[in-house]
Structures are given as structure tokens and as C-alpha cells.
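Please keep the sequence and the structure in view while reading.

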Amino acid sequence: MTEIANGVFYCGIHDRDRKVFDQLVPLPQGTTYNSYLVSGTGKTALIDTMYEKFGGEYLDMIRKSGFRIDYIISNHAEPDHSGMIPRLLEEFPDAEVLCSAKCAENLTNMLHVSPERIRTVADADKLELGGKTLRFISAPWVHWPDTMFTYLEEEKFLFSCDYFGAHYTDFELYADESPELANAAKRYYSEIMMPFRSFCRKYLVKVEELSPSMILPSHGPVYRNPSFIENLYDEWTSESVSRKILLPYVSMYDNSRIMCEYLAGGLRKRGVQVATADLMEADEGELAMELIDAAGIVFGTSMVLTGPHPKTVYAAYLTNILRPKIKFYALVGSFGWAGNLSAPVDACFTLTKPEKLAPVIAKGKPTSSDFAKLDILVDEITSRLDSLAKAP
Ligand code: FEO
């Protein structure tokens with residue numbers, strides 16, 4: 001355990017070898033599961049616990065500390081933070097779990113924690129530990145409906161759960177404020193928090209009003225300078241988009257690739273930033289990060305049997321559920337004999353509702369007529385970007 005302030009300790013574990021989170025999110029640097037111990041003159045609380053895989057190591061750390069745990073604060077029931085609650089309740093038979101009502105329901109269903117061991121708390125409720133006061137701040141939907149933050153009033157420490165987190169392991173305890181950390185936090189935001197952007201924005205205002213001296217999230221380093229991560233969230237959660245499109249493509253015989261390169265060249269000549277992503281290589285996080293500020297997305301695809309390449313449909317599905325700020329989308333591609341490239345992509349957009357621009361689809365090698373249609377698509381995209389730039 002590492003002491004952060006008098007009676008406040010970090011007891012997280014670094015999982016450098018983990019390659020993927022939730023069987024979806026690639027982890028280029030692994031991750032950490034952060035748990036914090038806060039001890040007052042009378043009582044001791046743990047704020048979030050540990051992924052069960054590291055339960056033995058974690059329990060050893062708590063036992064060696066010599067503290068008797070009176071309270072387990074569960075800011076959020078996802079098992080990377082709650083997994084050790086059942087074993088801690090066995091180890092400390094008088095301990096009580098404090099969490100939101102929704103979190104209590106989740107802990108009961110997911111981990112079979114006995115409701116008799118849980119006390120639900122509401123926004124602004126407080127817990128006195130003796131010279132240390134924990135205040136609970138309701139913060140549903142960053143990123144589960146059960147989430148709350150915990151605030152240590154005397155030190156002005158904000159335990160923000162997954163909010164402000166980063167899958168990042170190259171640190172001792174405190175944020176180094178490096179470009180690598182900013183990138184890891186950006187990746188985390190895009191994958192985990194972006195679907196809840198409006199909530200993130202709302203809580204950002206709340207956090208800035210609170211003006212914590214430190215932000216202590218559940219993944220990644222502790223922010224001694226909260227404005228570092230607050231400023232990044234301010235940028236990512238804003239309403240504005242860049243003069244930029246994302247162009248994910250997959251091309252079997254180069255025809256679709258040639259069309260994408262032509263389109264990208266035309267857009268770049270008009271001052272548009274084009275982030276291309278070869279879907280055979282790009283991971284989900286790379287796409288998600290580009291979507292944070294993209295104004296639109298153009299899918300480039302070959303036909304597989306009678307529809308788009310499955311990776312294109314996956315990219316469209318992912319775009320839809322991440323709910324980025326994109327205002328429009330289009331599709332360019334090539335096919336051999338028959339089929340519908342557009343319909344399966346169109347069908348993905350159920351939550352995110354960008355305007356559909358006319359697709360440009362070639363039969364085999366693109367002809368001069370197809371390139372002329374791509375020129376029109378360049379005009380269509382740039383005119384929308386020009387309008388967005390003028391919008392108040
Ligand atoms: Fe890190 Fe939503 O758990």
C-alpha cells in the first residue's frame with residue numbers, strides 16, 4: 001500500500017499483461033484496478049475493491065496493513081472493482097457495504113452479496129470515520145446506472161470510479177501528464193465514456209465546482225493536478241467537431257482502396273483532415289478515438305457475397321453504439337456481380353442518427369463516371385463541413 005495522505009492509502013494492483021478488457025477493448029498497456037483505504041480515528045473504509053483474479057494478493061495487502069475494515073464503499077458494481085466484496089465480507093464479518101440502490105441490486109444479482117450486509121446511500125449522504133468525512137455523490141451513467149463518486153471532504157479528494165480513468169500502467173502513483181497518458185485516457189474515454197457524453201459533460205461541471213485537490217479514479221494514475229484530466233474531458237465532451245472525417249476501409253482487390261484514396265485526396269485538397277483506418281489492422285480503440293471529434297464517417301468496403309465486408313458492418317455497429325458526434329456518413333465501394341453494400345450499414349444506425357450521403361458504388365474497377373461521383377461526394381462533405389464551421 002502507498003500512503004497518499006495521512007490515513008489515505010492506494011491499494012491497487014497493476015495488471016500489465018492483460019490484453020483485452022470486456023473481451024472487446026484492446027489494452028496496449030494493460031490496466032490497473034485501483035482500491036483506496038481511508039482510515040479515520042474511529043473507522044476504516046475501503047473505496048472499491050479488486051478484480052477477483054488478484055484477490056489473493058489484494059487480501060494479503062489488506063491483512064498486512066493491520067486495518068480492520070468497517071465499511072466497503074462500492075462506487076460501481078462491475079466486477080473489476082467489486083469482485084472481492086464477498087471475500088472481504090467473510091474476512092471482516094462486521095463490515096458493511098455502502099453503495100447506491102442500483103448498485104445494491106447489481107451486487108446482489110451479480111455477486112450474491114447478501115442484502116443484509118448492504119446499506120444504500122443517496123446523493124449527499126455522509127459517512128463519518130473520525131476526522132474523515134466521506135460524502136457520496138450520485139453519478140449514474142458514467143458508465144453504469146449504479147455509479148457514484150465518493151468525496152473525502154477534509155482532503156478534498158474525489159474518488160471518481162471509472163470516470164477520468166485510463167488503462168495505463170507506466171506510473172508509480174501520480175499522473176505524469178505525458179502525451180502517452182493523455183492518449184491512454186483518450187482511448188479510455190472513447191471506448192467507455194463516449195456513449196454517455198452528455199452525462200460526462202454534466203458531471204464535469206459538477207467536479208469543477210467541487211474543485212477537488214486530487215482526482216483518484218479506479219483505473220490509471222491519481223491526478224494531483226485535476227485540471228490536466230478535466231481540460232481533456234472538456235475538449236472531448238464539447239459539442240464541437242473538427243474539420244475531419246474518419247475513413248475506415250477494407251478492400252479485397254484494391255478497387256475500394258483506390259476509391260478511398262481518391263476520395264481522401266480530394267478531401268485533403270479542400271483542407272479536410274482524413275483519418276484512414278485499414279479495418280484489417282485497426283483496433284476498436286483506434287477507431288473510437290478518431291470518432292471523438294470526427295464530423296463524419298465514410299466506410300470503404302468491398303462486397304462479400306451479397307453485402308458489405310463483415311468488418312465494415314462491425315465498424316458501423318461499433319460507431320452506432322459509441323454514439324459519437326458525427327453529423328453524416330457515406331459509403332464507397334466496389335462489387336463483382338450483385339448485392340447491396342449499403343443496406344446492412346444503414347441498418348446499424350439506430351442510436352446514432354447521422355445524415356446519410358449518397359453512396360458511391362462501382363462495379364469492379366472504378367470508371368471515370370465513378371470518380372466523378374466521388375468528386376461530388378467531396379463537394380457534399382466539404383459543404384457540410386463549411387456549414388458546421390459557420391454554425392454558432
Ligand atoms: Fe472499471 Fe466499469 O469498471
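1. Contact means heavy atoms within 4.5 Å. Of the contacts in the chain with a separation of 6 or more, 71% are accounted for by residues 24 or more positions apart.

2. This is a predicted model, in which local features need pLDDT of at least 70, side-chain atom pairs count only at pLDDT 80 or more, and totals for chains, interfaces and linings use all residues. Residues are numbered from 1 along each chain as its sequence is written, and side-chain values use heavy atoms, with hydrogens and water left out.

3. The secondary structure comprises 12 helices and 23 strands; helices (H or I, at least four residues) and strands (E, at least two) are DSSP runs, numbered from the N terminus. The C-alpha trace spans about 80 × 45 × 35 Å along its principal axes.

4. Of the 392 residues in the chain, 56% are buried. Buried means under 20% relative accessible area, exposed over 50%, and partly exposed in between (1.4 Å probe, protein chains only).

5. Lys19 lies in the loop between β3 (13-15) and β4 (20-21). Lys19 is classed as exposed because its relative accessible area is 61%. Leaving aside neighbours within four places in sequence, Lys19 is in contact with Val25, Pro26 and Leu27. The C-alpha atoms of Lys19 and Gln29, 10 residues apart along the chain, are separated by 7.8 Å.

6. Asp176 is found in the loop between β15 (157-161) and α5 (179-193). With a relative accessible area of 41%, Asp176 is therefore partly exposed.
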